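Visitor: Hi, I'm new to this one. Can you put it up on the screen and walk me through it?

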Amino acid sequence: MSSSTSREDEFWSDEGDLEGSRTSGQFFASASGEDVNDENTPNFFASTKFFSVLELELSRELFEASEEEVLAPNEVLFRQGDDSSSGIYVVVEGSVGVYLQPTNGAPPVMTNILQEGESVGDIDILDSARRSVSCITMQGGAKVVRVSQRIFLDFVRKHPHTLQLYLQQAIARLWRVAQFSLIDFLGMPRQSLRGQPEADDACSLANSDFLEHLPTVEKYCARKQIKKGEIIFAEGDSTDAFYILLKGSIAREAIPWPKGDGLRGKPVRALQLIGSAHFMTRSLFRETQQADEDCEMLVITGEVLEHLCTAETEAYISLLRQTSSSLGVLIRNFIGFGLNRVWLRSGDHVFMTNEDATSMFVIISGRVRLRFPRHTSSGDEIIRERGRGDTIGEAPLLAHGKYSSTAVTSRDTELVRMSHGALKLINAHHSEVSSRLLELVACKLQNNLRTGDRSLAELVTICLIPAGPRTQINEFASALQSALSMFGSTLLLTSSVIDEIFADETTHRLDNLFYRSKLTGWMAEQEEVHRFIVLQADPRASSWSKVCASQADCVLVVAHGNHENKMPLLYEQRLLWRTRNSARPELVLIHEPGSTPSQTKTWQENRTTIKRHHHVRLASRDDMSRLARYVSGHSVGVILTGGGGGGLAHLGALRALEENGIPIDCIGGTSQGTLTAGMYARTLSTSHILPMLRNNMHVLNSPHHLLTDLTLPLLSLFSGKGLDTIIKSSVGADTSIEDLWLNFFCCSTNLNKQCLNVHTSGRLWRCIRASMTVLGLLPPVRDENGELLVDGGYLNSVPVDVMRKEMGVETVIVVDVEDKDFISFRDLTPHDGGMSSFGLLWDRLNPFDSRKSKSASERLDHPSYADVLNALTATTTKKHLELVARDHRINMHLRPPGVSSWMAHGLTLSQMDAAVRKAQAYTNTAITNWKHKAKEERRISDVDVNKPHAELQMAASAFAAVSDPESPNISPHVSPRNSFDRNRVSPHRSPRTSGSKSTSLPKPPNMRVNVVTERASDSMKQRTTRKSGATPRAALLPSNDPAETASTLSPRPGSQLVRTFTDHSQSDAPLAIDPALFMSTQSQN
């Protein structure tokens, strides 16, 4: 038996720790546990997200009128087919089971369990449709809050504007989630959904209560005549008006397979309400509708709704309730198939390891961290992150197994849950769904086998924390937003911007759960529209700064590199502490033009949680573009392997990359390539490297150096002191890896631990020396721990895996220098009776050796010890390259011609320049061939069948591109990355279509619209996509050519959620790309 009491005495409640548990229906607001109860909070409204769209006083008024019901176990709230007058039920304590009665007489199927804060009946209360499911309390009973239909409508009549607000924010959000889940994710044909009309978004007005208000509405509307065959709504367009079809009929155009069934829709005759769902949800039409005969329509715009709200309240309410019927078709299918939307706060568990896999989840917004258990007692815990558009738990659900990991939310997260019961129910009506889910699992598995499992999800929200009050955070935020805008729509939010949007001092009340929930709910909606959201924290402790840190996927601590006080302030420490288990913190140091980074290690030592740093100059567009590429997942890394005749071939390849505008965001390598990589990371220019390389080759190949560096050959032939001097003079004796402009790494082999060491910090020259140490020629290097280090090429000569996994690089270019000596060495004739070591040593030291004028095979009749070691290294490199090409993607594999070790001896300056030019010419030719190949792929793609923007790309096989070591295989793998509709900056702004008058929708009370939240210049447009709806991910780099920019940056409309899911569910297939997009901006230093 249920009991009803007044809710006024429970409206206000205390708040505790937000990261703690929610008990007895009370939700907590403070993430640090401090008492922040400056005012009381309507807890359940804040938790459900639906009623948090209202203002506080309005929420309180509706809350006070609601009723609390304490229900016994197994007590029925309502049954399938009952009328909806009982209204909305919100679970405060306990749980409620949701059941669906199949039409074939089978037993009811449990499709969902409602937990605290979840609600049911949100759409029923508007259109008065009968209940589509049954709800019964679970064991232990439940406490619910009920808002009856009568109470809700009385409230709406008193405050009519709240109904449109409720539809445009709460219900519209649910509608978009339902559309994504049913049509985009599960792939259900729209026409197969229950209650779906022949024409999309058409609602019959026959026998509707709205007809009595039609004459009143007609007074405020303009009439529009449509000729037969004229298009009313075009596929891919949005609308700023909806219509009432008074005369005539409309029909949907035929949609070819695989997007549609290829059949033209049946005509839908007047009276009809058309386009209202897309108007309320600001969504794009998925099909074209045109007049089947001459039509007459009433045009309803946002301005008309404002007039009706003010002058004709009953007609206004009746029209909006009729609009909710259009929204209800998708939502009821969503609920009827047992799908459920779940909100979780930061730190909540989605599922636990070894739990029975009862559900799978699709992440709508937010971020989830997967923690896999250690396989051994000493093993590290494996952590994977999943974000917007990703799925989790689908494999164990389909296998009827157990979860293999623990899923914890990193920030406030919205998910769609599909249970076993829901999956059975869906398969009973749509058998093709199972194959789509299996394709999804197979596609993810194959991509993981090809590219490795993604450890990090894409970044969406980036928090900027100023390290001090004098930090140029405003300038940096604007520059970052401008750079990120090249990769997608970027929204910059500051406390002042939020104050402009929410005029009720929301930023000063964010310690209150109601206002915090209101703001984070709005921010979640922005993730549907924008690729990136930059959250600029205040330079002090504030509630807004706490929200920024708690809602961030990545935290950038911004400081000036020349600041004397490198210790973090107290408020920075507290903000970073809040993100210790969620966002990854990184350091950005701002430098003045002409300055050189220094003492970076001190900054990091004072911030132990920060593992990565970036050096930028605000005046340099190249620096900000480099940071933007890293944040957006489009960074470019170059690996320089061994060989190269002292680095001349490496230099030539780097020059060609610069000449073609291909940016380098990270550089690293092994053996001889490490020195060239270190010099480039320090100077950012090839012009500064050539003089140093000339001097290095002159010193290394001089007889004086060879004779003076000889040592007693107990461990090596040479002492290495001469090489140490050369490395120090090239990169600086006191330079640290942390002080390099570019992210840099090199590899060495640890003989003590028998493993590979990856050096991303420490003294630069020592790490380079360790990576260049060839056993037998040079003695091992001792590190600070006393461990012996030698050339990393012995274990990993082509460290593509390091570049991708540890450095976070998307596009990898390998410069693998071809050495003619190694090719000729394969034809070496065995020497009977062995070789004389003294003879070989004399051959090496003889300054009058004439073999350099002979052929390679003649020269190698008497190989040196170095030749043998180098040949062994080359063989190892070739084997590593084959393994790397199989397990890790190489976007561009370059093999420029190297300089023979014999020819390197005594080269003149002109010969060195010629060697550089030769490698540069080879690389230019390789890039030209790559461009030609990409254009051909695009041409072939353009003649392929056009696919819908939101269609799932679930090919069952992946494109396995293996680099050919003997020739440049330019097969850049790119993931689709689409453009964004910049017109939709605010959720309260009406989308516009060409040729139609723009009318803004009525804004919520006390909220201002049309706030400029993007500071990027108008020239920062968006990139277009090819016809298949995929834009290259790795190739999305800024361009210099204005004509090219104009043609490639046109906006692409659509839901960001749909695009992201399409990216993640697509197999590793070859995509048509334009290499011209693979260009960087010119330096603005």
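Visitor: Which residue is the bridge partner of Ile639 in β37?

Guide: That's Val814. Before we go on, this is a predicted model: local features need pLDDT of at least 70, side-chain atom pairs count only at pLDDT 80 or more, and totals for chains, interfaces and linings use all residues. Residues are numbered from 1 along each chain as its sequence is written, and side-chain values use heavy atoms, with hydrogens and water left out.

Visitor: How many bridges join β31 to β37?

Guide: Five, and the two strands run parallel; β37 is residues 811-815. Strands here are DSSP runs of E, at least two residues, and helices are runs of H or I, at least four, numbered from the N terminus. Two strands pair if DSSP finds at least two bridges between them.

Visitor: And which residue of β32 stands opposite Gly637?

Guide: Cys666 does. Four bridges join β31 to β32 (residues 666-669), again in parallel.

Visitor: Why is β31 largely enclosed by the rest of the structure?

Guide: Because five of the five residues in β31 (residues 636-640) are buried. Buried means under 20% relative accessible area, with exposed over 50% and partly exposed in between, using a 1.4 Å probe on protein chains only. Val636, Val638 and Leu640 are buried on one side of β31, and Gly637 and Ile639 on the other.

Visitor: OK, new topic. What does UniProt say about residues 344-444?

Guide: The unreviewed entry has the annotation "domain: Cyclic nucleotide-binding" on residues 50-173, 220-250 and 344-444. UniProt positions are given in the numbering used here, feature names are shortened, and annotations may be inferred rather than shown by experiment. In the model, residues 220-250 are 0% helix and 55% strand, and their end C-alpha atoms lie 24 Å apart.

Visitor: Where does Ser405 lie?

Guide: Ser405 is in the loop between α10 (394-398) and β23 (406-409). At 5% relative accessibility, Ser405 counts as buried. Apart from neighbours within four places in sequence, Ser405 is in contact (heavy atoms within 4.5 Å) with residues including Phe351, Leu370 and Phe372.

Visitor: What about β24, which residues are on each side?

Guide: Thr413, Leu415, Arg417 and Ser419 are on one side, Glu414, Val416 and Met418 on the other, and all are buried. β24 pairs with β17 in the antiparallel sense over five bridges, and Val342 stands opposite Leu415 there. Six bridges also join β19 (residues 359-365) to β24, antiparallel too.

Visitor: How many cavities does the structure hold?

Guide: There are 11 of 30 Å³ or more. On a 1 Å grid over the protein atoms alone, a cavity is a set of points where a 1.4 Å probe fits but cannot get out, and lining residues have an atom within 4 Å of a point. Grid points are joined across faces, edges and corners, and a volume is the space filled by probe spheres set on the points.

Visitor: How much space lies in the largest cavity?

Guide: About 250 Å³. The largest cavity is lined by 19 residues, with Ser119, Asp122, Ile335, Asn340 and Arg341 nearest its centre. β17 gives the largest share of that lining, three residues.

Visitor: Last one: in what order do β10, β12, β13 and β15 form their open sheet?

Guide: The order is β10-β15-β12-β13, with antiparallel pairing. β10 (231-233) and β13 (268-269) stand at the edges with a single partner strand each, so one side of each is left without a neighbour in the sheet.

Methods: On a 1 Å grid over the protein atoms alone, a cavity is a set of points where a 1.4 Å probe fits but cannot get out, and a pocket is an open set with protein on both sides within 12 Å along at least five of seven lines; lining residues have an atom within 4 Å of a point.
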